[in-house]
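Let's take a friendly walk through this protein together. Have a look at the model first, and then we can go through a few of its details.

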Amino acid sequence: MPSAHTCDGADTHPDLKWTEGPEGTKSYAIVFNDTTLKFLHSSIFDIPKDTRSLPLGLEKKAEPAEPAGSKQSKNYKGSPGYTGPCPPSGEENYEFVLYALDVENISEVTPASTVKQVDTAVKAHSIGAVRLTAKYKKK
């Protein structure tokens, strides 16, 4: 993972792109986690079904301007939006998991919800998922 998206850089959200989800997709969600430590970092949900990307430097707000209608949970630091890799030592593995969901809005969670709460709700509504994996070693 480029250091610009980590605690060694500006900790900006990377731009992400995807293709249309499976039939029945009504929205998307993305959960970012450290698979080495089994640690959830951040999430964005209620991404409209017609969306196919997230912009570079996605706003760290509960309700970012893009994509309109989407919401971000509290990250592991307690604030809304993305927080990137910052491994204590050594190289760790990370993944962005894009979920196709069977609902337009996840009513069980809000931007005040934790990443864990969003992860649980997203998995309950998932009709498909893909993973983008990366490695990072703190400088």
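A disulfide here is a pair of cysteine sulfur atoms within 2.5 Å. The structure, a predicted model, holds 1 disulfide, and this bond joins Cys7 to Cys86 with an S to S distance of 2.2 Å. Its torsion about the S-S bond is about 85°, so the disulfide is right-handed. Cys7 lies in the segment before β1 (16–17) and Cys86 in the loop between β5 (71–72) and β6 (91–101), so the pair ties together parts that are 79 residues apart in sequence. Strands are DSSP runs (E, at least two residues), numbered from the N terminus.

Before reading on, two notes on the numbers. Residues are numbered from 1 along each chain as its sequence is written, and side-chain values use heavy atoms, leaving out hydrogens and water. In this predicted model, local features need pLDDT of at least 70 and side-chain atom pairs count only at pLDDT 80 or more, while totals for chains, interfaces and linings use all residues.

How buried or exposed are the residues discussed here? Buried means under 20% relative accessible area, exposed over 50%, and partly exposed in between (1.4 Å probe, protein chains only).

| Residue | Relative accessibility | Class |
|---|---|---|
| Cys7 | 29% | partly exposed |
| Cys86 | 30% | partly exposed |
| Phe39 | 34% | partly exposed |
| His41 | 3% | buried |

Counting contacts as heavy atoms within 4.5 Å, His41 touches several residues beyond four places away in sequence, including Phe32, Tyr76, Tyr94 and Val115.

Note on methods: Helix = DSSP H or I, 4+ residues; strand = E, 2+ residues; numbered from the N terminus.
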